[in-house]
Amino acid sequence: MDRIVDLDEVAAVLAGQAVGWRSAGLEVGRVTWRDAEASWPQPLETDRARVRAPDSVGVAISGPGEAELSVVLFRGGWADVDFMASPDDAGCLPASDITSASDFEARMDRWVARVFGVCGAAQ
């Protein structure tokens, strides 16, 4: 798989955005990593030091009314984005052609606003 997005840069972006999300009352789970070199099934790790060749990084966010957002970004530039804003408003959001950590940051801001109605980054 091509390495289009630097996942360590993305993890730093997530750490910065988490401050704003928590200030807005959201719960932010630990960042998870998957190692491309690990045996199948590849376990998710929360310790970056245990991952030699990261191929994905993910985070889960929850908020009021059981709202949830789960994002897993793959180094190839796409993400799995699942959400539930309410029982009547749930599904997947489009997430392809992500080119950089800053591109991902802007998309996370939109996804968080879509699901929780709040801005993502700390002001």
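My entries below run from the whole chain down to single residues and pairs.

**Ground rules**

I am working from a predicted model, where local features need pLDDT of at least 70, side-chain atom pairs count only at pLDDT 80 or more, and totals for chains, interfaces and linings use all residues. I number residues from 1 along each chain as its sequence is written, and my side-chain values use heavy atoms, with hydrogens and water left out.

**Entry 1: the whole chain**

I looked up the secondary structure and found two helices and seven strands. Helices (H or I, at least four residues) and strands (E, at least two) are DSSP runs, numbered from the N terminus. Along the sequence I read the pattern α-β-β-β-β-β-β-β-α.

I then checked the overall dimensions. The C-alpha atoms fill a box of roughly 40 × 30 × 25 Å along the principal axes. The radius of gyration is 14 Å, which agrees with the value near 14 Å for a compact globule of 123 residues. That radius is taken over C-alpha atoms, and the globule rule is 2.2 Å times the number of residues to the power 0.38.

Of the 123 residues, 41% count as buried. For me, buried means under 20% relative accessible area, exposed means over 50%, and partly exposed is in between (1.4 Å probe, protein chains only). I also looked at contacts, meaning heavy atoms within 4.5 Å. Among those with a separation of 6 or more, 48% come from residues 24 or more positions apart.

**Entry 2: the nonpolar core**

Which residues have the most contacts inside the largest nonpolar core? I found W21, I61, L69, L73, F104, M108 and W111, in a core of 32 residues. The elements giving two or more residues to this core are α1 (7–23), β4, β5 (68–74), β6 (78–86) and α2 (101–116). A nonpolar core here is a set of buried Ala, Val, Leu, Ile, Met, Phe, Trp, Tyr and Cys residues joined through side-chain atoms within 4.5 Å. In soluble globular proteins, nonpolar side chains tend to be buried together.

I picked out W111 and listed its contacts, leaving aside neighbours within four places in sequence. They are L69, V71, A79, V81, L93, P94, A95, I98 and F104.

**Entry 3: helix α2**

Helix α2 has 16 residues and reaches 22 Å from its first C-alpha to its last, close to the 22 Å expected at 1.5 Å a residue. The expected span is 1.5 Å times one less than the number of residues.

I noted its buried residues as A101, D103, F104, R107, M108, W111, V112, V115 and F116. Seen down the axis of α2, these residues fall within an arc of 165°, so they line one face of the helix. The arc is that of the directions from the helix axis to the C-beta atoms. What covers them includes α1, β4, β5 and β6. Just after α2, I saw G117 with a positive phi of about 75°.

**Entry 4: salt bridges**

How many salt bridges does the structure hold? I have six, each a side-chain nitrogen of Lys or Arg within 4 Å of a carboxyl oxygen of Asp or Glu.

- R34 pairs with D55, the closest N and O atoms being 2.8 Å apart. R34 lies in strand β2 (residues 32–35) and D55 in strand β4, so the pair ties together parts 21 residues apart in sequence. Both R34 and D55 are buried.
- R114 meets D89 at 2.7 Å, N to O. This pair links helix α2 with strand β7 (residues 89–92), 25 residues apart. R114 is partly exposed at 39%, and D89 is partly exposed at 25%.
- R107 pairs with D103 at 2.9 Å between the closest N and O atoms. They lie four residues apart in helix α2, about one turn. R107 counts as buried at 13%, as does D103 at 18%.

**Entry 5: two strand residues**

Is S56 buried or exposed? S56 sits in strand β4 (residues 54–62) and is buried, with a relative accessible area of 3%. Beyond four places in sequence, S56 is in contact with L7, T32, W33, R34, V72, L73 and F74.

V28 is in strand β1 (residues 27–28) and counts as buried at 16%. Beyond four places in sequence, V28 is in contact with A18, W21, R22, V59, A60 and I61. I also noted that V28 and L14 are 14 residues apart in sequence and 9.7 Å apart in space, C-alpha to C-alpha.
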